[in-house]
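Me: Hey, I've got a structure open and I'm new to it. Can you walk me through some of it?

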Amino acid sequence: MDNEKDILEVRNLQVNFKTYAGDVKAIRNVNFDLRKGETLAIVGESGSGKSVTTRTIMGLNASNARITSGSIMYKGQDLLKKSEKEMQAIRGQDIAEIFQDPMTSLDPTMRIGRQIAEPLMVHKGMKKEKALKQALEMMKLVGITDAENRMNDYPHQFSGGMRQRIVIAIALINYPEVLIADEPTTALDVTIQAQILNLMKELQDKISTSIIFITHDLGVVAGMADRVAVMYAGKIVEYGTVDEIFYNPKHPYTWGLLSSMPTLDTKGDELPSIPGTPPDLLDPPTGDAFAARNQYALKIDTEKEPPFFKVSDTHYAATWLLHPDAPKVTPPAQIVARQEKYATMQKDLLAQQQQHGPVEEEEEKQ
Amino acid sequence: MDYENAKKILEVKHLKQYFNVGKADEVRAVDDISFDIYKGETFGLVGESGSGKTTTGRAIIHLYEPTSGEILFDGKNVDNFTSKEERHEFHQDMQMIFQDPYASLNPRMKVKDIVAEGIDINHLAKDDADRTNQVETLLETVGLNKDHSSRYPHEFSGGQRQRIGIARALAVHPKFVIADEPISALDVSIQAQVVNLMKKLQREQDLTYLFIAHDLSMVKYISDRIGVMHYGRMLEIADADEIYAHPLHDYTKSLLSAVPVPDPEFERTRQEIHYDAKNENDGKERHLVEISPHHYVRAADDEIAMYKQRAHEASLIKD
């Protein structure tokens, strides 16, 4: 696991929130790695702990949060052991975040050129003129038209899509190693969303940032992610490459998520839906937290928590269904269709490799 | 869609809804749109924010005084009812489900009072027992428990709140429901639950829906016909399957090409089509033209041939 390529390693992370009703166990033992230059998508419903995970990395949790165990290693240092002052030096410099709502994450009283330049002045002690010059470059890079004149405008003078570009410019101005994007396009229209996503991909190529992408939109994940981690009730329940998660999912929750989203071809009277609601994390259920909503649940799911079963070197899922003794189940029709598509894709790939050798693969990696 | 036996329940004719009329900051939110909605169907209205889809919905339920144009509901003009009774009847027949389940329920009212408000205003309950009974039936219809009736909105999740909003709309037995982004604020797995509920209620109670949303895959799934709006204008109207398979207007094509699909292989090869809105403002007179049967596109006179050609290539027109 101590891979040189890993830039961020999260181990055994547990976060509780103290409330008047008791401790809410928001993150329950989460492990993952972020590799250099990749995009890792974390998907799940609201309340599954996606945002808490990233806020813990940033050291931005609310004051009632208690990190009860775990470590977050960044460049050989544990971020959880840093003081607030040390974290301030890292935030916006090494690790930056694009927030969900471009309407509220900008300062309404500050000209946007100044807002984009601020991280340079704070972290690098740069003089204002020089910082503003770099801010202008960044504005052009993120595609703000007429940047010279618009530098002195205030946020309210921009549309939602333009504001999100400004937020991205602020996050990227110091060329961070890690970029956390928390639902960066959820508040935007599809056409604008497409532009912003393309922009993020383009910029990632240019400055080779690693991105943690949080979203509940699986369509966006399919287009953006290299690897995907699916979270449910404070745990990661399945992770793998984007192809493995979309074409060969193993966890029933992933099945449910994938089939409850209509594609443009979905027909029929009833959309497959996941019944019920997520469990209360004040008192998480014993065993598999998804068991109560899972039509494939086994008896053992309510008694013992499933460990991660290996599907491939890159693909793991925490479900008892993968145990050698588990009964064989047939996933929902849409999932079967996905698996069939995957099988043919794999075959095509193999045939292609035999013909041309693995040249194409290498090109993609660069 | 069976057009032969379809009966129009709503006709929107040349509706214009301007704000700040005559001032420097005049906004033409809805600019001369016309469309019909048939009884029992779901008409989906899609477009980006600022396209005027919400304003259209609000003008139909008469939250605004239209600048000009007519809205006919069951053949009657909603703008000039002659009697109080007529207006009451209209407000019973047409109801609305709102986008934000957190903002659209009064936090200081109990669920039973929220749901029963329409029953009280329209005097639909004989006595207290009847009122309670109606509320409990409604809650069960939308998949909630009757014990929930004495709780407050904050005790419910987003999906449950949206169910309360639906129960409130159904309390007065409407014929026509305007759902303005009813699922946008909900999680994916909960969205499917609410959409299934809406479809079930439509079958059981013979409802007609105007479904306003920007999530194109969900709109396609729930709608029979779809209208695409842009800058306050209706650019294209057609059957849901047809408009997605064979969009004729460039804007519709561009909008569809931007929809993310949960399929990595598809996403890797996706081609986005860009749309230049300038073409629309070249001063030419444009109006909705029926290019192929029941497929309307907003076109200028000299563009009709081009759209016909496109429809021909998509074999929507037979020789």
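This is a predicted model: local features need pLDDT of at least 70, side-chain atom pairs count only at pLDDT 80 or more; totals for chains, interfaces and linings use all residues.

Me: Let's start in the strands: what stands opposite B:Leu45 in β8(B)?
Reply: That's B:Ile212. Helices (H or I, at least four residues) and strands (E, at least two) are DSSP runs, numbered from the N terminus. Residues are numbered from 1 along each chain as its sequence is written, and chains are lettered from A and ligands numbered from 1 in the order in which they are written.

Me: Which way do β3 and β8 of chain B pair, parallel or antiparallel?
Reply: Parallel, over five bridges, with β3 covering residues 42-46. Two strands pair if DSSP finds at least two bridges between them.

Me: And what about β7(B) and β8(B), how many bridges there?
Reply: Five, and that pairing is in the parallel sense too; β7 is residues 176-180. B:Asp180 has B:Ile212 as its bridge partner in β8(B). From β7(B) the chain goes through α6(B) to β8(B), a right-handed β-α-β crossover (with the strands pointing away from the viewer, the path from the first strand over the helix to the second runs clockwise).

Me: Is β8(B) mostly covered or uncovered?
Reply: Mostly covered: six of its six residues, 208-213, are buried. Buried means 20 or more other C-beta atoms within 10 Å of a residue's own, exposed means 12 or fewer, and partly exposed is in between, with C-beta atoms placed from the backbone. B:Thr208, B:Leu210 and B:Ile212 point one way, and B:Tyr209, B:Phe211 and B:Ala213 point the other.

Me: New topic. Where is B:Leu248?
Reply: In the loop between α8 (240-245) and α9 of chain B.

Me: Why does B:Leu248 count as buried?
Reply: Because B:Leu248 has 25 C-beta neighbours inside 10 Å. Leaving out residues up to four places away in sequence, B:Leu248 touches several others, including B:Glu236, B:His295 and B:Val297 (contact means C-beta atoms, placed from the backbone, within 7 Å). B:Val297 is 49 residues along the chain from B:Leu248, with 7.2 Å between their C-alpha atoms.

Me: How many residues does each chain put into the contact between A and B?
Reply: Chain B puts in 31 residues and chain A 34. On the chain B side, α6(B) gives the most, with seven residues.

Note on methods
Two residues are in contact if their C-beta atoms, placed from the backbone, lie within 7 Å.
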